[in-house]
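How are two packed helices described? By the angle between their axes and the distance between the axes.

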Amino acid sequence: MRISELLRSSVLPALVAAAIFGAVGQALAFDDKVFDDKTGVKPQSSPWAVFQFGFSAYKNGHKEQAAEAYKYAAENGQIGATWKLARMYAEGDGVERDDYEAFKFFSEIVDQDVEPGSPEESYVSDALVALGDYLRKGIPGSPVTENEVAAQEYYMRAAANYRNPNAQFEMGQMFLKGEGGVKASVKQAGRWFQLAAEKGHAGAQATLGHLLFQSGKIVRGLAMMTAALERASPADQPWIRGMQEEAFAAAGEADRRTAISLADDILTKGTTNADQ
């Protein structure tokens with residue numbers, strides 16, 4: 001919610017209002033140092049300070065100012081600003097959606113010499129997955145064409161070097177289907193799904209549960225699919241629900257009851273080991 005909307009609320013406590021006015025005053029004082037409403041970012045501004053201003057502007061709903069600030073900070077070496085710009089273009093958030101523009105910003109990020117374990121590794125990890133997603137399907141009307149082998153290479157870098165659960169899930173999918181230049185292997189797929197599931201990836205947990213169910217581990221597989229459905233994002237719920245309901249219908253009554261109990265245990269304790 002924007003500050004202006006908060007101030008219009010008749011139920012806003014006086015203490016909260018005072019705090020917000022104070023924050024606005026600080027933000028305006030900070031803005032004057034690096035940003036002018038008419039001319040934009042002031043020359044010779046600190047890239048880090050401009051990045052901070054962009055973050056503040058974004059949070060307060062001033063996304064055009066945020067984008068301008070991020071561009072300045074990105075051009076002057078702030079990898080976090082480059083990532084924010086990439087996400088804004090990828091999602092059409094405050095700017096017109098442009099997947100190719102997002103692709104170029106993500107590419108700039110992965111070209112940075114960022115070692116695993118550094119504070120900036122999350123930017124590189126996410127950018128690698130994003131590039132993999134784009135290359136898997138291509139970007140219509142751009143030079144980026146479908147290239148599953150290149151996509152697999154980006155996923156593998158993110159999965160192996162940065163232990164990114166989304167990349168680990170995608171590697172599992174590629175091994176499961178024999179895509180991206182890898183040989184189909186349920187065993188290899190299961191290993192990647194297990195790694196992602198251990199980090200709370202609902203899609204990986206559901207798919208691993210499905211594999212277990214198909215292999216005869218009825219209760220464990222159904223329990224993992226049921227727990228995954230509870231954890232899944234709205235975007236993933238439909239396909240996980242379909243998978244879980246199909247397995248639930250095929251299972252016996254006793255197995256269903258035991259699986260539901262085990263799913264509660266998984267949700268409470270977070271246990272996702274396929275061998276348990």
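In this predicted model, helix α10 (residues 186-198) packs against helix α11 (residues 202-214) at an angle of about 140°, and their axes are 8 Å apart. That angle makes α10 oblique to α11, since angles under 35 degrees count as roughly parallel, over 145 as roughly antiparallel, 65 to 115 as roughly perpendicular and the rest as oblique. The crossing of the two helices is left-handed, which is to say that the near helix is turned anticlockwise from the far one by less than a right angle. On the α10 side the contact (heavy atoms within 4.5 Å) is made by V186, G190, F193, Q194, A196 and A197, and on the α11 side by A204, Q205, T207, L208 and L211. These residues divide into 7 nonpolar, 4 polar and no charged, where Ala, Val, Leu, Ile, Met, Phe, Trp, Tyr, Cys and Pro count as nonpolar, Asp, Glu, Lys and Arg as charged, and the others, Gly among them, as polar.

A further pair is formed by helix α6 (residues 99-110) and helix α7 (residues 121-137), which pack at an angle of about 135° with their axes 9 Å apart, and which are therefore oblique to each other. Here α6 passes α7 in a left-handed crossing. From α6 the contact draws on D99, A102, F103, F106, S107, I109 and V110, while α7 contributes Y123, V124, D126, A127, L128, A130, L131, Y134 and L135. The residues of this contact divide into 13 nonpolar, 1 polar and 2 charged.

Residues are numbered from 1 along each chain as its sequence is written. Because the model is predicted, local features need pLDDT of at least 70, side-chain atom pairs count only at pLDDT 80 or more, and totals for chains, interfaces and linings use all residues, while side-chain values use heavy atoms, with hydrogens and water left out.

Note on methods
Axes are lines fitted to C-alpha atoms, for helices over the stretch in contact, and angles run from 0 to 180 degrees between N-to-C directions. Helices (H or I, at least four residues) and strands (E, at least two) are DSSP runs, numbered from the N terminus.
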